[in-house]
Amino acid sequence: MKSLLAAVLLLLPLSARAGVPEKLRVVASFSILADFLREVGGDKVEIKMLVGANGDAHVFQPSPTDAQSLKKARLIVVNGLGLEGWMTRLIAASGATAPVVVATKGVIAREGEEDGKKGVDPHAWQSIANAKIYVANIREGLAAVDPADSDYFKTRADKFLARLDATERQVRAGIAEIPENNRRIVTTHDAFGYFGAAYGFQFIAPIGLSSDAEPSARDIAKLIAQIRRERVPAVFLENISDPRLMTRISQESGAKIGGSLFSDALSSGEGPAPTYIDMMTHNIEELKRALIPHS
C-alpha cells in the first residue's frame, strides 16, 4: 500500500506534492504587457513573454517553442491594433484554446501613416491613461480564468493604478519644465503619437508606424529640410532601432542626438527601463536633459 501511494505521489506535479497551488500560465506578446501582468498577477501567475527585452514586436519571428507556450497557456494577452501581425497565425498553428485578452480594448485609437497610407497606431501604451485601460483589461482577464483570486488581482491592480497616477503627475511636471518651443524632436519611427497627444509634444519620424519600414532617400532629405526649417532641437534613438539612420540625420541637419528613448520594449533588468514606470520616467528625464536650455 505504501509503495502504491509513493508511486502516485511521484506522478503528481511538484507544486501539488508540496501543497502549493499551481500558478496560472499566461503568455504575453511582448515585454510591456508582461510587466503589467507581473504587477497585477503577482505570485499567482507564471508569465512567458514572446518578444523579450529590447525586442521588436513589429518584426518578430515566432519559434516552435513559442507555439508550445501558447498551447499550454490558460490566458494569452496581446496588444492588438495590428501590433502583432504574426499572432493570429501563431495561435492557429499552436492549437491554443486559451482565451485572448486584447489589452487595448476600450482605447480610442489614433491614426498614423505607413507608406503614405492611413493606418491605426498600435503604440497606445505611450499614454499612461491608456496604460490604465490595459491594466483593467488584464485584471478582468485574470479574474475570468481564476475567479477564486479575483480579489487578489483587484487589490494589486488598484495599487498599480495609483502608482501610474503618480507617474503621470511626474511626467506632466517634467514636460512643464521644457520650453514649449523645444517640445519637438525626431525619433526613429512613429511610436510616440499617443505620448505627444497626451502631453503636448511633437514627434517627427522618418518612417511610419512599423519599424520594419525603410525610408527613401527623398523622405530623409525632406525630413532634414524640415528639421532645419523648424529648428527641431534634437533627434533621439530608440532601444529597438539601428542608430545609423539617426546619426546621419543629426549630422546633416545640425540637430543634436539627445539620447535613447524606450518605445516598443523595456530594457533588460540591468538597463534603465526594466519596468513600464521606469520606461516612462527614463524617457522624460532624457527629454529634459536634451531639451531644457543650460546656461
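Visitor: Hi! What share of the 295 residues in the chain is buried?
Guide: Hello! In this predicted model, buried residues make up 51% of the 295 residues.

Visitor: And how many helices and strands are there in the chain?
Guide: The chain has 11 helices and 10 strands.

Visitor: What about contacts between residues at least 6 apart in sequence: what percentage of them join residues at least 24 apart?
Guide: For the chain, that figure is 65%.

Visitor: Let's do strands. In what order do the 4 strands of the open sheet come?
Guide: Their order is E2-E1-E3-E4, and the pairing is parallel.

Visitor: Which strands stand at the edges?
Guide: Those are E2 (45-51) and E4 (100-102). Each has a single partner strand, so one side of each has no neighbour in the sheet.

Visitor: What does the twist average from one strand to the next?
Guide: The twist averages 20°.

Visitor: Okay, how many bridges join E1 to E3?
Guide: Strand E1 (residues 24-30) and strand E3 (residues 75-78) are joined by 3 bridges, and they run parallel. If you want a spot to look at, find Val27, which stands opposite Ile76 in E3.

Visitor: What holds paired strands together in general?
Guide: Strands of a sheet pair through backbone hydrogen bonds, in either a parallel or an antiparallel way.

Visitor: New topic: helices. How do you describe two packed ones?
Guide: You give the angle between their axes and the distance between the axes.

Visitor: Then at what angle do H6 and H7 pack?
Guide: Helix H6 (residues 128-145) and helix H7 (residues 150-177) pack at about 175°, and their axes are 10 Å apart. An angle over 145 degrees counts as roughly antiparallel, so that is how H6 lies relative to H7.

Visitor: Which residues make that contact?
Guide: From H6 they include Ile128, Val135 and Leu142, and from H7 they include Phe153, Phe160 and Leu164. By class, the residues of the contact of H6 with H7 are 12 nonpolar, 2 polar and 5 charged.

Visitor: How do H3 and H6 cross?
Guide: The axes of helix H3 (residues 31-41) and H6 cross at roughly 60° and come within 10 Å. That makes H3 oblique to H6.

Visitor: Is that crossing left-handed or right-handed?
Guide: H3 passes H6 in a right-handed crossing.

Visitor: Who's in the contact between H3 and H6?
Guide: H3 brings Leu33, Phe36, Leu37, Val40 and Gly41, while H6 brings Ala131, Tyr134, Val135, Ile138, Arg139 and Leu142. The classes here are 9 nonpolar, 1 polar and 1 charged.

Key:
Residues numbered from 1 in each chain as written. Predicted model: local features only at pLDDT ≥ 70, side-chain atom pairs only at ≥ 80, totals over all residues. Heavy atoms only, no water. Axes fitted to C-alpha atoms, helices over the stretch in contact; angles between N-to-C directions. Helix = DSSP H or I, 4+ residues; strand = E, 2+ residues; numbered from the N terminus. Parallel < 35°, antiparallel > 145°, perpendicular 65-115°, else oblique. Contact = heavy atoms within 4.5 Å. Nonpolar A, V, L, I, M, F, W, Y, C, P; charged D, E, K, R; others polar. Pairing = 2+ DSSP bridges. Left-handed = near helix turned anticlockwise from the far one by under 90°. Buried < 20%, exposed > 50% of the residue type's maximum accessible area, 1.4 Å probe, protein only.
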